[in-house]
Amino acid sequence: MEHFLNAGILGGIFAVPNSVVDNYIKLANEASIKVLLYMLRNANQSIKSASIAAALNITENQVEEAFVFWENANIFPKSATVDLTAAGNSTVNTSEPAPSPVPKKKAVIQERADYNINPSEIAQRVEASEDMKCLFTMSEQAFARPLTHSEQRGLIWIHDYLGLSTDVILMLVTFCISTEKGSIKYIETVAADWTEREINTFDKAQSEIKRLEESQGYNNRIMKIFSMNRKPTSKQQTFIDEWRAKGYSFELIEYAYEKTIESIDKLNFPYMNKILENWHEQGLSTKSQIDGFKKNDNSEQKKEYSFDLNDYKSLVNNFGD
């Protein structure tokens, strides 16, 4: 099927640089296209990001990100005033960008701030590499939307600079999104951590994600027991990790929580931890064992302080002597 547009019926029109369609239409996301068209329509006007966001029904962050995208593409000049008269003359760098070296496990996030690759270079990487094309396509499926320029750049940084393979990156991206931590900055941070700990193969990544999922599941169960509506603080998390490492059962932790509430009427991790440590030292690992131990302990105390009635009478009679 062929398509033809009769521009004469459109009335007032404005120009769009050829390079936008030729080189960037596949890379630009919806917000970037909206911002470009809006600015082309309102050329030679100074417009605040908030006004652009309101007009296009997008966020101010999306507006700023769109400007970064088109500035890196040389469609918008890198200045506060947008002059679109020369935008159509931008050219694409066709030389293959040299991949960055794998770091020595130090200051990797700081290096990320210095890493830059413009949209034309990204487009070339995608066209030249089936591996990169797969990474972008599968990541977009995981995000359920087109990738932003920052996300494209971040994924390439993880691949080229950190040296993680496509399957490992996709596993990481999918996991982060599933935990509602799908920002590219968070993904980059976890990727850098994995690189430092040499989690760089499919099997190692799978094992790490299994560990994280089990840890998160344990956390969720603890939060439910304590009726916590927010994630634990770092200090609270230290206690939870310690309880998990020592193999305390949920039944035991819940019982310690009940005893804590009975005693001080509030959630207190150090107090609970002391209770659990005492039970652990006494070899008590279940609620029934604890209740049985307390019953025996009370019986011993009663036996220790009981005495015969005759002894009591003798004691009273002799008291007056």
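## The loop between H2 and H3

Asparagine 44 lies in the loop between helix H2 (30-41) and H3; helices (H or I, at least four residues) and strands (E, at least two) are DSSP runs, numbered from the N terminus. The structure is a predicted model, in which local features need pLDDT of at least 70, side-chain atom pairs count only at pLDDT 80 or more, and totals for chains, interfaces and linings use all residues. Residues are numbered from 1 along each chain as its sequence is written, and side-chain values use heavy atoms, with hydrogens and water left out.

The phi of asparagine 44 is near 70°, a positive value in a residue other than glycine. Most residues other than glycine have a negative phi. Asparagine 44 is exposed, with a relative accessible area of 72%; buried means under 20% relative accessible area, exposed over 50%, and partly exposed in between (1.4 Å probe, protein chains only).

Helix H3 (residues 49-56) contains serine 51. Serine 51 is partly exposed, at a relative accessible area of 40%.

## The chain as a whole

The protein chain has 16 helices and 0 strands. Of its 321 residues, 38% are buried. Contact means heavy atoms within 4.5 Å. Among the contacts in the protein chain with a separation of 6 or more, 65% are between residues 24 or more positions apart.

## Helix H9 and its partners

Helix H7 (residues 130-143) and H9 have axes that come within 10 Å and cross at roughly 10°. H7 is therefore roughly parallel to H9. Angles under 35 degrees count as roughly parallel, over 145 as roughly antiparallel, 65 to 115 as roughly perpendicular and the rest as oblique. Axes are lines fitted to C-alpha atoms, for helices over the stretch in contact, and angles run from 0 to 180 degrees between N-to-C directions. From H7, Asp131, Leu135, Met138, Ser139, Ala142 and Phe143 meet Thr166, Ile169, Leu170, Val173, Thr174 and Ile177 in H9. The residues of this contact of H7 with H9 comprise 8 nonpolar, 3 polar and 1 charged. Here Ala, Val, Leu, Ile, Met, Phe, Trp, Tyr, Cys and Pro count as nonpolar, Asp, Glu, Lys and Arg as charged, and the others, Gly among them, as polar.

Helix H9 (residues 166-178) also packs with helix H10 (residues 184-196), at an angle of about 130° and with axes 10 Å apart. H9 is therefore oblique to H10. On the H9 side, Val168, Leu172, Val173 and Cys176 meet Tyr186, Ile187, Val190, Ala191 and Trp194 in H10. The residues of the contact of H9 with H10 are 9 nonpolar, no polar and no charged.

## Cysteines

Cysteine 176 is buried, with a relative accessible area of 1%, while cysteine 134 is partly exposed, at 35%. A search of the whole structure finds 0 disulfides, a disulfide being a pair of cysteine sulfur atoms within 2.5 Å.

Asparagine 219 lies in helix H11 (residues 202-225) and counts as buried, at 7% relative accessibility. Leaving aside neighbours within four places in sequence, asparagine 219 is in contact with Pro232, Gln237 and Ile240.

Serine 227 is in the loop between H11 and helix H12 (234-246). Serine 227 has a positive phi of about 55° although it is not a glycine. With a relative accessible area of 55%, serine 227 is exposed.
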